[in-house]
Amino acid sequence: MATTEILDSIEKKRTWLSVVGQLSTVVSIKTRNASPNLHPVIQIRLLQLGDIHMGMPRDPAIDIKDRKYPAPVASLTTMDPLISAARFAVNLLRTNPVDAILLVGDLAHQGNAKEYQKCVDYLVQLILDEWHKASKPVLCVPGNHDIDRTVIPLDVTVGQIWDKFVPLEAAWKKYGMPILATSEVKSFTVKKSEALAEITALNSCLGCGEYRGLPADLREAAHELVKKAVSADDKWKAIEQIDSPAFAGEHIEAAQRQIDGNHKVNVVLAHHNLLPQSTPRVALYAELINGGQVRAMLAQAKSPTLYCHGHIHDDPIEIVSVPNIGAAPMVSISAPILDHGFNVLELTYTNTGLPLGVIVQKFKIGRSHTFSARPHEEIRIPFRSSAEYFPNYQPPRSSMVEIIRRDDGSRFPALLDELNKSFSHLKEEDLAAMLLEAEWYGIVRIVDREGHPDSWQILRVSL
Ligand SMILES: [Fe+2]
């Protein structure tokens, strides 16, 4: 039940309760004992795995002075950061399941089809085989490092534009998993009770590796460089920096149709960042050429949107909102390179399906070069403020909140008893839901929220 409905029902019962007064206290004790398992909010949990770069040379987690130590000995005494992170993510999935896995691309390092297949093989063997057999959703998008630039002709015709993605699709189809978004947008819906998340995967690599966007003399020179390069590394370096990533226009339209509607959370998955990163870049054409259009489109949606990406190997979270049009915020969430960690996104709703906000749990490798079962950082991002949800905060509702002590707070059991004296036989789970919802709006703060409500201390923040 949403806060507003609870408060309305309380107001209706108020007159009757003034007659039966003391009875409500007795009822409240019975109700509390009868509800040991509380489910006051609904959560849809997503695992966002960042760039993998299978095959990239990695320094062992060893003192810098020991880097020249014989490699076999060093490898025996240290852990491979990529393998450690992947194994930890899988163990976490088994102990605390998620509803979908999102892979943000750059599975390979130098656009080599064998390298890409090796990474797919590894992921399938590690978790995705059992995940797919259990019909659980997983989506993947291509990254700029997944594209084999050596097979792209100088002048690509319109009919050839998707050819460079065929080897990547084949790597997944080998396992009967058509999960990669290339020439078509991939999407699915996660529904949990009344809560809804629409997940849409977009290919942002349309221009990656293409020469046709370059001035004529430059593109011919670049093509020659790739042809002449001997090593895979040189081939990669010859063209990698003059890239022009882009979404297809028809994919932007498809995504726009997908995000229409209320009472849901849109999750859009793509490789590239929509906002320029904070670290300056000097490479030409490094940013998405139509990223601004997609950013503006997503930020005008009525329902909140999470834009989940990788590419920058860092993990900033940024919020874009457009004033005065009644739009919900767009939250851009980047996953770090997998060696450094990954994100678990907890989309949180009322038990009537109203989106409240997202909790981004950042699992990061620690100083001991291992992961901890607790997230390194947990960021709560509300989708709306109290002012937007309660523009006309009416007296019965505010008087209910005013019972909560502002300075040293109120204990949950005492608050329940207090409210039952004044209002109605409020159930423990309904009060817990109301308080959790009110916390998302910035009205109260709950100390020890992770514990049972009996241990909660509730502080009034506003109103
Ligand atoms: Fe990358």
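**Helix α8.** I looked up which residues of helix α8 (residues 232-240) are buried in this predicted model. They are Lys235, Ala238 and Ile239. I then checked how they sit around the axis. The three cover an arc of only 70°, so they lie on the same side of α8. Next I asked what covers these buried residues of α8. The cover includes α7 (216-228).

**Helices α5 and α6.** I turned to a helix pair. Two packed helices are described by the angle between their axes and the distance between the axes. I noted both for helix α5 (residues 113-133) and helix α6 (residues 166-173): the axes come within 9 Å and cross at roughly 30°. The angle is under 35 degrees, so α5 runs roughly parallel to α6. I recorded the crossing as right-handed. I listed the contact residues too. From α5 come Ala113, Tyr116, Gln117 and Val120. From α6 come Pro167, Leu168, Ala171 and Trp172. I sorted the residues of this contact into seven nonpolar, one polar and no charged.

**Positive phi.** I looked up two residues in loops. Ser193 is not a glycine, yet its phi is positive, about 55°. I found Ser193 in the loop between β4 (186-192) and β5 (195-201). Is Ser193 buried or exposed? I counted 12 C-beta neighbours inside 10 Å, so Ser193 counts as exposed.

His311 is also a residue other than glycine with a positive phi, near 75°. I placed His311 in the loop between β7 (305-309) and β8 (317-320). Here I counted 25 C-beta neighbours inside 10 Å, so His311 counts as buried. The cut-off for buried is 20 or more.

Definitions and conventions
Residues are numbered from 1 along each chain as its sequence is written. This is a predicted model: local features need pLDDT of at least 70, side-chain atom pairs count only at pLDDT 80 or more; totals for chains, interfaces and linings use all residues. Axes are lines fitted to C-alpha atoms, for helices over the stretch in contact, and angles run from 0 to 180 degrees between N-to-C directions. Helices (H or I, at least four residues) and strands (E, at least two) are DSSP runs, numbered from the N terminus. Angles under 35 degrees count as roughly parallel, over 145 as roughly antiparallel, 65 to 115 as roughly perpendicular and the rest as oblique. A crossing is left-handed if the near helix is turned anticlockwise from the far one by less than a right angle, and right-handed if clockwise. Two residues are in contact if their C-beta atoms, placed from the backbone, lie within 7 Å. Ala, Val, Leu, Ile, Met, Phe, Trp, Tyr, Cys and Pro count as nonpolar, Asp, Glu, Lys and Arg as charged, and the others, Gly among them, as polar. The arc is that of the directions from the helix axis to the C-beta atoms.
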